[in-house]
Amino acid sequence: MALHTGSTEPLRAHHSNPLVGLANPAVGDNVYLPEIGLADDPVPPDVAYQLIRDELLLDGSARLNLATFVTTWMEPQALTLMSDCADKNMIDKDEYPQTAEIERRCVAILADLWHATDPNDACGCSTTGSSEACMLAGMAMKRRWEAQVRAAGGDLKTRVPNLVMGANVQVCWEKFCRYWDVEPRMVPMEGDRLHLEAPGAVAACDENTIGVVAILGSTFDGSYEPVAEIATALDKLAAGGGPDIPVHVDGASGGMIAPFLDPDLKWDFRLPRVASINTSGHKYGLVYPGVGWVLWRDKAHLPEELVFNVNYLGGNMPTFALNFSRPGAEVVAQYYNFFRLGRNGFTAVQQASRDVAMSLAERIGGLDEFELITKGDQLPVFAFTTSSKVTGWDVFAVSRRLRERGWQVPAYTFPEHREDLAVLRVVCRNGFSLDLADLFFKDLLSAVHDLHEDSGNTVISGPSGFRH
Ligand SMILES: *Cc1c(COP(=O)(O)O)cnc(C)c1O
């Protein structure tokens, strides 16, 4: 949705490439892209394609975007399969039963990857991404809490539900709380603690807590929150007569990393307190946007009243979603990746991303100008800040410099209590090869060199004999 439609005056003098006009004499050379109202007349498809494609060059290269977690490279075969499915509406399960079956298989594969006790009893669905998945998981937690309050003879009108999470949560959780009238209980960061840990989580819980969100891993720095410790602390709280609070794991990224690279880390349905898990198929699930997944450990954890049985086009189908129509292509592409890569293929791809992240982080951490916040050894993501030796420039200046070379590396400050901490973050994904990482490192060195020169500082690091 475009929230703003304001537009500066278009340069009406501009015309298309004369070759386009010559190839399409009926169009002439003064076609322009509509900015406010529709033009009266159609244009030939190749003209429309060429001009819109030209304009999109301004978006930059998705592959050089080290800011996004979202997949920017897929195999051509996967892309072909996606365009084969572009006309299939995911919601028409009756019309496209095989797409529906493929969605079911993906849920079963994830239930197995995440160690559901009984993969046949686990339930879940695809979504447009983790944001929708988190909304659904949040709604289920809220409904289960309401049912418990009612069963205990409580009065819901006098109670305000809350959700406990770290201040580092992704914005979708704040949205969930605002849209569904839940009080967000954000546990702030403190000193070197840059995400949620067990003591802070438990301290924030009370009888109105619908759940605790643990993140695998944090978008701020790629670190895993200690899910097992949080779960154990909540087990103790319940065993001591306190409230019995479920954990939802936001595995938007880590849900597709940990099963392959950290098989011994217990963060998933192996922990009885974990009620639900989401992941973004379009992040480390290696699919183009947008697809996400949400699973509940068993049917008892998904309140039945949230599932709609829709009689649609003659068939009866259960659905749990915020939207209705959406493409089947991404779900099919997720299945392609599962089939194509298998466990070993996924492990190899994720390990390669982690190797790139760790080696690049190590090299950056070795420079006098920077300090690592994380090392890329959890999510293949790391954050770094400037060291105390740097005075004449900051991470924001580095980000702007890198942009001149086409690299998009976000610089941002941390949330409350650590607003003083400003970092750069690099997300290593499939397609960001060691070779590209090398080029990136060279460009970072040259940016640092220029920033020193511009600010009149002496150059601290940099390759010996560096010349422009
Ligand atoms: C990206 C992300 C989300 C939102 O996911 P989308 O798939 O972009 O909707 C939620 N939580 C975390 C931890 C994330 O990294």
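The protein's secondary structure comes to 12 helices and 13 strands, where helices (H or I, at least four residues) and strands (E, at least two) are DSSP runs numbered from the N terminus. This is a predicted model, in which local features need pLDDT of at least 70 and side-chain atom pairs count only at pLDDT 80 or more, while totals for chains, interfaces and linings use all residues. Residues are numbered from 1 along each chain as its sequence is written, and side-chain values use heavy atoms, with hydrogens and water left out.

**Overall fold**
- Of the 468 residues in the protein, 50% are buried, where buried means under 20% relative accessible area, exposed over 50%, and partly exposed in between (1.4 Å probe, protein chains only).

**Ligand site**
- Oxygen atoms of the ligand lie 2.8 Å from a backbone N or O atom of serine 130, 2.6 Å from a polar side-chain atom of serine 131 and 2.8 Å from a polar side-chain atom of lysine 283.
- Taken alone the ligand exposes 380 Å², of which the protein buries 89%; accessible areas come from the Shrake-Rupley method with a 1.4 Å probe.

**Backbone geometry**
- Most residues other than glycine have a negative phi, and most peptide bonds are trans.
- A cis peptide bond, with omega about -10°, joins leucine 216 and glycine 217, and glycine 217 lies in the loop between β4 (209–215) and α8 (227–239).
- Another cis peptide bond, with omega about 0°, joins proline 289 and glycine 290, and glycine 290 is found in the loop between β6 (274–280) and β7 (292–296).
- Histidine 115 has a positive phi near 60° and, at 35% relative accessibility, counts as partly exposed.
- Aspartate 181, in the loop between α6 (171–179) and β3 (183–187), has a positive phi near 50° and is exposed, with a relative accessible area of 60%.

Methods: Polar contact = N/O pair within 3.5 Å; in protein donor to acceptor, adjacent residues only side chain to side chain.
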